[in-house]
Amino acid sequence: ENELGVQAPVGFWDPAGLTADGSVENFNRRRQTELKHGRIAMLATMGYITPEITGKFPGYLSYSGKIAFADVPNGLAAFSKVPSGGWYQIATYMAFCEISQD
């Protein structure tokens, strides 16, 4: 009941019972994970909005595939345009971020 974010009239709100075990370590890990995922969501939103407002990088995303940055649409349509090497780089960076978490 003394955690940051507890407010009247609701108090400590945990409808799924995720803190029922009383583990402080699990609670802190879940809080840290929630903050990280919230920040990723905010960056993803900016990554979607920014190219529409400011434009896209000049040049090529893939020289071998002759894919320019301007040819890649925003949103879900971009999934089919990014080469497999690009997806490998994205997945590798995501794994690095997860592993290097303090």
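This briefing describes the helices, contacts and surface of one protein structure.

The structure is a predicted model, in which local features need pLDDT of at least 70 and side-chain atom pairs count only at pLDDT 80 or more, while totals for chains, interfaces and linings use all residues. Residues are numbered from 1 along each chain as its sequence is written, and side-chain values use heavy atoms, with hydrogens and water left out. Helices (H or I, at least four residues) and strands (E, at least two) are DSSP runs that are numbered from the N terminus. In what follows, a residue is called buried under 20% relative accessible area, exposed over 50%, and partly exposed in between, with a 1.4 Å probe and protein chains only.

**Helix H1 and its surroundings**

- Helix H1 has 31 residues, and at 1.5 Å a residue these should span 45 Å, which agrees with the 44 Å between its end C-alpha atoms; the expected span is 1.5 Å times one less than the number of residues in the helix.
- The residue that follows H1 is Gly-55, whose phi is positive, near 95 degrees.
- In the segment before H1 lies Leu-4, which is exposed, with a relative accessible area of 74%.
- Although Leu-4 and Thr-33 are 29 residues apart in sequence, their C-alpha atoms are 16 Å apart in space.

**Aromatic pairs**

- A search of the whole structure finds four aromatic pairs, where rings of Phe, Tyr and Trp (its six-membered ring) pair if their centres lie within 6.5 Å, and where planes under 30 degrees apart count as stacked, over 60 as edge-to-face and the rest as tilted.
- One of these pairs is formed by Phe-57 and Phe-69, whose ring centres are 5.6 Å apart and whose planes stand at 70 degrees, so the pair is edge-to-face.
- Phe-57 lies in the loop between helix H1 (24–54) and strand E1 (60–62), and Phe-69 lies in the loop between strand E2 (67–68) and helix H2 (84–99), so the pair ties together parts that are 12 residues apart in sequence.
- Phe-57 counts as exposed at 63% relative accessibility, whereas Phe-69 counts as partly exposed at 27%.
- Phe-79 and Trp-87 have ring centres 5.4 Å apart and planes at 15 degrees, so this pair is stacked.
- Phe-79 is partly exposed at 48% relative accessibility, and Trp-87 is also partly exposed, at 32%.

- The structure holds one salt bridge, which is defined as a side-chain nitrogen of Lys or Arg within 4 Å of a carboxyl oxygen of Asp or Glu.
- This salt bridge joins the side chains of Lys-36 and Glu-98, at 2.8 Å from N to O.
- Lys-36 lies in helix H1 and Glu-98 in helix H2, so the pair ties together parts that are 62 residues apart in sequence.
- Glu-98 is partly exposed, with a relative accessible area of 42%.

**A nonpolar surface patch**

- Leu-76, Phe-79, Trp-87, Ile-90 and Met-94 make a nonpolar surface patch of about 540 Å², with accessible areas taken from the Shrake-Rupley method with a 1.4 Å probe, where for residues only the protein chains shown count as cover.
- Patches are made of residues with over 30% relative accessible area and no salt bridge, in which like charges are joined within 9 Å and nonpolar side chains (Val, Leu, Ile, Met, Phe, Trp, Tyr) within 5 Å.
- Met-94, a member of this patch, is found in helix H2 and is exposed, with a relative accessible area of 52%.

**Buried polar residues and the loops**

- Asn-74 lies in the loop between E2 and H2 and is buried, with a relative accessible area of 18%.
- The side chains of Asn-74 and Glu-52 are joined by a polar contact of 2.6 Å, a term for a pair of N or O atoms within 3.5 Å; within protein, one must be able to donate a hydrogen and the other to accept it, and residues adjacent in sequence count only if both atoms are side-chain atoms.
- A polar atom of the Asn-74 side chain also lies 3.2 Å from the backbone oxygen of Tyr-48.
- Ser-62, in strand E1, is buried with a relative accessible area of 11%, and its side chain makes a polar contact of 3.4 Å with the side chain of Ser-64.
- Lys-66, in the loop between E1 and E2, has a positive phi of about 50 degrees although it is not a glycine, and it is exposed, with a relative accessible area of 60%.
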